[in-house]
Amino acid sequence: MKPERIGALLSVLCLSIAILPLYPQEQPWPAVPKLLCGHELIYRGTIEESTNDQGVIYQHKYLMETRLFVYEVTPEGFRIALLTKVTRQEDQSKNAPTARLELVRLTPEGKLVPERQTSLAVSLDGPTTLEIGFALEVPAGGLRREQTWTLAEPDRPPRTCRVLGLDTVQQVSCIKIQCLQQSEDWEQPRADQSAWRRQETVWLSTRYGLAQRVERIIERRTPAREEPTWRLTTRYELDSTLRFEGPFFEDLRREVQQAAAFQEKLDELLPEVGRVGSKPFENLLARLDQHMQRTPGTPYRAALVQIRQQLEAARRGQTPVRPGDSALPRTLTVGRPAPEFVLTDLTSGTVYSIRKWRGQAVLLCFYLPGAVTADDVLPFAQTLAQAKDPPVVVVGMAMSDEATVVHKLQMRYSLSFPQLAARGLRHSYAVDATPRFVIVDAEGIVRAIHTGWGPDIPVLLTRDLRSSQKPMPSVIRAVR
């Protein structure tokens, strides 16, 4: 090669090397919340709940809407009214949605802090009553590809988050982040306790520093199972953004602050239901009605409507059911409908639903085949099944899928009532120990719960079965 050509090539190579540092490396992506006073963000989506465990199969779908309204901006962050409404899809034409309003503070790091003493944790047991997944606490200084960090949660394992990269949702530039949280035994199934896992993908908008889209899957696995037996899938996106000023802003701020004040007062009075009489609830109800009549309605009025329903119940001397701090009421509670189920008889293969016995009192006997107590519980249950006073449908709820053992017990004690595979109800019927007895009245309402076995249990069960033939009393007291 000619010397002049070698010189030219060396010049090009040196120039290339000199130019390379001029190209900047990838800069951190901004991820801090960027909101203004009066901003309202509305998220809409769905929640799907499903169970498939030992013949127990059910599915529910919910519609979810979450409104985020910024009513004050301070140096410490944003003061926000957060309203979540959840409706079971099949019931949306019959019942009003469950509505929960909370006043929270959003820090510059993206962390939500409640204004009152309540939990903002995402429910691991059922559809949440307050959706907060649109906010994600991130490290200071912006985010980079493959960056990881952990978030601490009270009484739970840490949640690990990782940046996957940039993505686009609804033509909005987003930082795609994946988070994982799970119980210590998720990777190693155990026969004596259940395990859970929470997987979440958040598309964090670079415009607002909040989610443009959220997808969350929570799974549970019953003891001794390798595959998930319960799944809750939540998906939603940012549907619209508005900014209110002037009188419209004042109307919204007044509504959310009044709703929070009424809820706080109601929470103070509820423990006194049955002792203080109806007067305090009547007075609060009158003040609430006066507010609703004199002020224009807003989308946040749904929270006031729900508070009013609770006040009406308390005024009648009843203990009202209100949205919990985390999940929608779905587990076993005296005074609430018994959780639905579809189960298979271990001996005949017949499929039963609890709805089959609507109109009759039902005694659900949860027992463990092979346990010593089964030799006492099953003969006693058979005497109740044959008795005319009180009339009751007895159902054996085997907490094992050992059909051979169940069949032997059925033959030994000449059992005439169904023996259902009920392992999958461990969570929804709160079966932490056996035997466990649940009495359901003709309307499908749980009337009494007893756990354990002893000389007093047959007496208590007979008493409560007779009581279940009568209308439900106004004040509910759980039997423990």
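This is a dialogue about how terms are applied to one predicted model.

Trainee: What makes up the protein in terms of helices and strands?

Mentor: The protein has 7 helices and 18 strands. These are DSSP runs numbered from the N terminus, helices being H or I with at least four residues and strands E with at least two. Of its 480 residues, 46% count as buried.

Trainee: Why is T295 called buried?

Mentor: Buried means under 20% relative accessible area, exposed over 50%, and partly exposed in between, with a 1.4 Å probe and protein chains only. T295 has 17% relative accessibility, so T295 counts as buried. The residue is found in the loop between α3 (279-294) and α4 (301-315).

Trainee: And why is Q170 called partly exposed?

Mentor: The relative accessible area of Q170 is 44%, so Q170 falls in the partly exposed class. Q170 lies in the loop between β7 (156-169) and β8 (172-182).

Trainee: How do you know that T295 makes a polar contact with the side chain of R301?

Mentor: A polar contact is a pair of N or O atoms within 3.5 Å; within protein, one must be able to donate a hydrogen and the other to accept it, and residues adjacent in sequence count only if both atoms are side-chain atoms. The side chains of T295 and R301 make such a contact at 2.9 Å. A polar atom of the T295 side chain also lies 2.6 Å from the backbone oxygen of H291.

Trainee: Which side chains make polar contacts with that of Q170?

Mentor: The side chain of Q170 is joined to that of Q212 at 2.7 Å and to that of E237 at 2.6 Å. Leaving aside neighbours within four places in sequence, Q170 is in contact (heavy atoms within 4.5 Å) with Q212, E237 and L238.

Trainee: How do you know that the buried residues of α6 are on the same side?

Mentor: The buried residues of helix α6 (residues 403-412) are V406, L409 and Q410. They cover an arc of only 100° around the axis, which puts them on the same side of α6. The arc is that of the directions from the helix axis to the C-beta atoms. The face turned away from the buried side carries the exposed residues T404, K408, M411 and R412.

Trainee: What do the buried residues of α6 pack against?

Mentor: They pack against β14 (362-367), α5 (374-386), β15 (393-398) and β16 (419-421).

Trainee: What makes β14 mostly covered?

Mentor: In β14, 6 of its 6 residues are buried. V362, L364 and F366 are on one side and L363, C365 and Y367 on the other.

Trainee: How do you know that β14 and β15 pair?

Mentor: Two strands pair if DSSP finds at least two bridges between them. β14 and β15 have 6 bridges, in the parallel sense, and C365 stands opposite G396 in β15. β14 is also joined by 5 bridges to β17 (residues 436-440), and these two strands run antiparallel. The bridge partner of V362 in β17 is V440.

Trainee: What does right-handed refer to in the unit of β14, α5 and β15?

Mentor: A crossover is right-handed if, with the strands pointing away from the viewer, the path from the first strand over the helix to the second runs clockwise. β14, α5 and β15 make a right-handed β-α-β unit.

Note on methods. Residues are numbered from 1 along each chain as its sequence is written. This is a predicted model: local features need pLDDT of at least 70, side-chain atom pairs count only at pLDDT 80 or more; totals for chains, interfaces and linings use all residues. Side-chain values use heavy atoms; hydrogens and water are left out.
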